[in-house]
Amino acid sequence: MIGLGDDIKLIYTAETDSTNSLLRRYGGEEGRLMTVAMADYQTAGRGQAGNSWESEPGQNLLVSIRLHPQGVDASRQFALAEAGALAVRDAAGAYTGQTRVKWPNDVYVGDRKLSGTLSECDVSGRLIKTCTLGIGLNVNQREFRSGAPNPVSLAQAAGRDIDRNDVLSLLLLRLREYVAMVNARQYARLHSLYMDSLYRRSGLFEYEDASGRFMAEVDSVEPQGRLVLRRADGRTASYGLKEVRFIINNQ
């Protein structure tokens, strides 16, 4: 692994319940910029909205990264989620060539899911105190048994085994750059990069909400992270997590 720098603290364990929980319990020295917990296996890994995360021991990248943003307003929590999604996309894209961010922060190659992130921020007053990104990135696993609809790994996409430490090094390198944008209040620049990276960024595709299925295109993503879809008739609607479903052919 490349040098992490004095401002990043790395914690490694062979097995834990979840790396997010491990970080919450951790009371030792913190990295000035970020503290990273990495495990070979999680007994209770989870994703957004309570979903579980399947991973064979030692095959994938399971990390939680506690960021220490500098003077970032509490209303900008989604900017840190954008930073994390872009960093994962870049790291994965170095091996697959074609990766996109599926709103809000999954990473896809084609129509298959490489990675998911659980973002949890702690606020103090009007500022973000810390923000933890719990990342599961499929690296070398080749069989998925949980019934997840469309998983894929870097090894499957690239046709070879991948060193997890190399992936982590690249992820942290890119995350450092994107978090620097957040700390510098370059929100518009970061958001533009995020929008340009979106899965299904242009064109009409099928979605489903509480009223049923419909065709729409991505109009925008709001600063707080809500997805705005524009239907074929021009009507728009804003959605939070789990309020709309992407209809994907291989699911």
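Two strands are taken as paired if DSSP finds at least two bridges between them. Strands here are DSSP runs of E with at least two residues, and helices are runs of H or I with at least four residues, each numbered from the N terminus. The model is predicted, so local features need pLDDT of at least 70 and side-chain atom pairs count only at pLDDT 80 or more, while totals for chains, interfaces and linings use all residues. Residues are numbered from 1 along each chain as its sequence is written, and side-chain values use heavy atoms, with hydrogens and water left out.

Strands β9 (residues 212-221) and β10 (residues 227-231) run antiparallel and are joined by five bridges. Valine 218 stands opposite leucine 229 in β10, and serine 220 has valine 228 of β10 as its bridge partner. The hairpin of β9 and β10 has five residues between the strands, and glycine 225 there takes a positive phi near 100°.

Four bridges connect β10 and β11, again in the antiparallel sense. Leucine 229 has alanine 237 of β11 as its bridge partner. Four residues lie between β10 and β11 in their hairpin, and glycine 234 in the turn has a positive phi of about 95°.

## Helix α2

Helix α2 comprises 20 residues (residues 77-96) and, at 1.5 Å a residue, should span 28 Å; the distance between its end C-alpha atoms is 29 Å, which agrees. The expected span is 1.5 Å times one less than the number of residues. Of the 20 residues of α2, 18 are buried, so that the helix is mostly covered; buried means under 20% relative accessible area, exposed over 50%, and partly exposed in between, with a 1.4 Å probe and protein chains only. Glycine 97 follows α2 and has a positive phi, near 85°.

## Aromatic pairs and charges over rings

Rings of Phe, Tyr and Trp (its six-membered ring) pair if their centres lie within 6.5 Å; planes under 30 degrees apart count as stacked, over 60 as edge-to-face and the rest as tilted. By this rule there are six aromatic pairs. One of them is edge-to-face: the ring centres of phenylalanine 78 and tyrosine 194 are 5.6 Å apart, with their planes at 85°. This pair links distant parts of the chain, since phenylalanine 78 belongs to helix α2 and tyrosine 194 to helix α5, 116 residues apart. Both phenylalanine 78 and tyrosine 194 are buried.

Ring pairs also link Tyr108, Tyr199, Tyr207, Phe214, Tyr239 and Phe246 into a cluster. A charge sits over a ring if NZ of Lys or CZ of Arg is within 6 Å of the ring centre and within 35 degrees of the ring normal. The charged end of lysine 102 sits over the ring of phenylalanine 246, 4.3 Å from its centre. Arginine 231 lies over the face of phenylalanine 214, at 3.8 Å from the ring centre.

## The disulfide

A disulfide is a pair of cysteine sulfur atoms within 2.5 Å. A search of the whole structure finds one; it joins cysteine 121 to cysteine 131, with an S to S distance of 2.2 Å. Cysteine 121 lies in strand β6 (residues 112-124) and cysteine 131 in strand β7, ten residues apart. The torsion about the S-S bond is about -55°, so the disulfide is left-handed. Cysteine 121 and cysteine 131 are both buried.

## Loop residues

Asparagine 150 lies in the loop between β7 (127-137) and α3 (154-158) and is buried, with a relative accessible area of 5%. Its side chain reaches the backbone oxygen of aspartate 111 at 3.0 Å. Such a polar contact is a pair of N or O atoms within 3.5 Å; within protein, one must be able to donate a hydrogen and the other to accept it, and residues adjacent in sequence count only if both atoms are side-chain atoms.

A cis peptide bond, with omega about 0°, joins tryptophan 103 and proline 104; proline 104 is found in the loop between β4 (100-102) and β5 (106-109). Lysine 242, in the loop between β11 (236-239) and β12 (245-246), has a positive phi of about 70° although it is not a glycine. Lysine 242 is exposed, with a relative accessible area of 55%.
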